[in-house]
Amino acid sequence: MAATKRKPDGPDGRPKKRAKRAPRAAKPDAKPGPEGAGQAGAGQAEYSIPPPVSQGKWKNKERVLIFSSRGINFRTRHLMQDLRTLMPHSKADTKMDRKDQLFVINEACEMKNCNKCIFFEAKKKQDLYMWLSNTPQGPSAKFLVQNVHTLAELKMTGNCLRGSRPLLSFDPTFDKEPHYALLKELFIQIFSTPRYHPKSQPFVDHVFTFTITDERIWFRNYQIIEEDASLVEIGPRFVLNLIKIFQGSFGGATLYENPHYQSPNMHRRLLRLSVAAKFREKQQVKEVQKIKKKGSKVLIGEDPTEVVFETPAEEKTVEIQLVKPESKPIVKDKKKPRKIQRKKQKKLFRS
């Protein structure tokens, strides 16, 4: 007998797959037994979602763009990275070309959805400037950054949680003068982490201090120890020397100009002039000494008492030898020929 062929079920000749049935929900009338309670507890544990840490709503949508221009050194790059780690509400961007105008930064902030900006501008590969701006309306402030020390360089004993919110501590001078009050508000809006930010932690364990000394703003970061509320420095640290405050973002009318500011070029020029003045002073001293040596010497009269202590020496007769002195007899060394013979014998043995 020939084997009978199986008739195809579908048009393609393949059997249809059965659809999977959805799991049936538990009946509400079912009595809670020991087995049913165990299954229900396992299902809740499997599909339960833990509640968020903070139940509040994120309202302050401050975002800070931190980037720099080309030509910065390694220390500035590390400082920029440290600020990004300390500020969870910050964003990064690629380096800006030197030829671009500063107004382009407003467009970059708009593309990154940021309303604040910290921009590091490097000049001559040795001078570092920091721009703090409220984009796009303004105001903005330009600082000269000095005495930069990064986290990796300091190696302090302090430490804080990544993403925690900092306290901001300001010098009392910030409330006395109007330009410092404006800078205080700018610092608060830029460096303070918004409450309930998604990347932030609901802890306050470090403090940013802004101190005014010697017409400069000194930035420090300290850890708050829980036991006795003492402070231990974490880093980084730097000094901001205010140059100008502008009405707009990265430009506009000048609201304030620091009269105590001295540009780095002028500072280096004064150092060179001081070194040149010292060299010129030494040359003048040498010329004066030469003139004194060449000048006429003052003749002092003879002192009559100088001859008192002089004792006359006996005069010796001068003898002139007219006859050639006799030559001394040459005494030959008897041991010398023996030494010569020994040397010859040693040479023969060596050869």
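Q: Is Arg268 buried, partly exposed or exposed in this predicted model?
A: In this predicted model, Arg268 has a relative accessible area of 23%. Buried means under 20% and exposed means over 50%. Arg268 therefore falls in between, and its class is partly exposed.

Q: Which residue forms a salt bridge with Arg268?
A: The closest N and O atoms of this salt bridge are 3.1 Å apart. The pair links distant parts of the chain, with Arg268 in helix H6 and its partner in strand E4 (residues 127–134), 141 residues apart.

Q: How many salt bridges does the structure hold?
A: Side chains of opposite charge can pair when their charged atoms come close. Among the pairs here are Lys116 with Glu62 and Arg216 with Asp214. Arg220, Glu233 and Arg237 are linked in a network of salt bridges. The number of salt bridges in the structure is seven.

Q: Where does Glu62, the salt-bridge partner of Lys116, lie?
A: The closest N and O atoms of Lys116 and Glu62 are 3.1 Å apart. This pair links distant parts of the chain, 54 residues apart, and Lys116 is in strand E3 (residues 116–123). Lys116 counts as buried at 3% relative accessibility, and Glu62 is buried with a relative accessible area of 14%. Glu62 lies in the loop between helix H1 (34–47) and strand E1 (64–68).

Q: What is the distance between the closest N and O atoms of Arg216 and Asp214?
A: Arg216 counts as partly exposed, at 23% relative accessibility. Asp214 counts as exposed, at 55%. The two residues form a salt bridge, and the distance between their closest N and O atoms is 3.3 Å.

Q: Why is strand E7 described as largely enclosed by the rest of the structure?
A: Strand E7 covers residues 206–213, eight residues in total. Strand E7 is largely enclosed because the number of its residues that are buried is six.

Q: Which residue of strand E7 stands opposite Leu167?
A: Strand E6 (residues 167–170) and strand E7 pair in the parallel sense. This pairing runs over four bridges. The residue of E7 that stands opposite Leu167 is Val207.

Q: How far apart in space are Ala141 and Leu182, C-alpha to C-alpha?
A: Ala141 has its place in strand E5 (residues 140–149). At 0% relative accessibility, Ala141 counts as buried. Ala141 and Leu182 are 41 residues apart in sequence, and their C-alpha to C-alpha separation in space is 9.7 Å.

Q: In which helix is Lys343, a member of a patch of positive charge?
A: Lys343 gathers on the surface with Lys336, Arg338, Lys339, Arg342, Lys344, Lys346, Lys347 and Arg350 in a patch of positive charge. Lys343 counts as exposed because its relative accessibility is 59%, and exposed means over 50%. The place of Lys343, in residues 336–350, is helix H7.

Q: Which residues form the negative surface patch?
A: One of its members is Glu310, which lies in the loop between helix H6 (264–294) and H7. Glu310 counts as exposed, at 57% relative accessibility. The residues of the negative surface patch are Glu302, Asp303, Glu306 and Glu310.

Notes
Residues are numbered from 1 along each chain as its sequence is written. This is a predicted model: local features need pLDDT of at least 70, side-chain atom pairs count only at pLDDT 80 or more; totals for chains, interfaces and linings use all residues. Side-chain values use heavy atoms; hydrogens and water are left out. Patches are made of residues with over 30% relative accessible area and no salt bridge: like charges are joined within 9 Å, nonpolar side chains (Val, Leu, Ile, Met, Phe, Trp, Tyr) within 5 Å. Accessible areas come from the Shrake-Rupley method with a 1.4 Å probe; for residues, only the protein chains shown count as cover. A salt bridge is a side-chain nitrogen of Lys or Arg within 4 Å of a carboxyl oxygen of Asp or Glu. Lys and Arg count as positive and Asp and Glu as negative; His and the chain ends are not counted. The place of a charge is taken as NZ of Lys, CZ of Arg, CG of Asp or CD of Glu. Helices (H or I, at least four residues) and strands (E, at least two) are DSSP runs, numbered from the N terminus. Buried means under 20% relative accessible area, exposed over 50%, partly exposed in between (1.4 Å probe, protein chains only). Two strands pair if DSSP finds at least two bridges between them.
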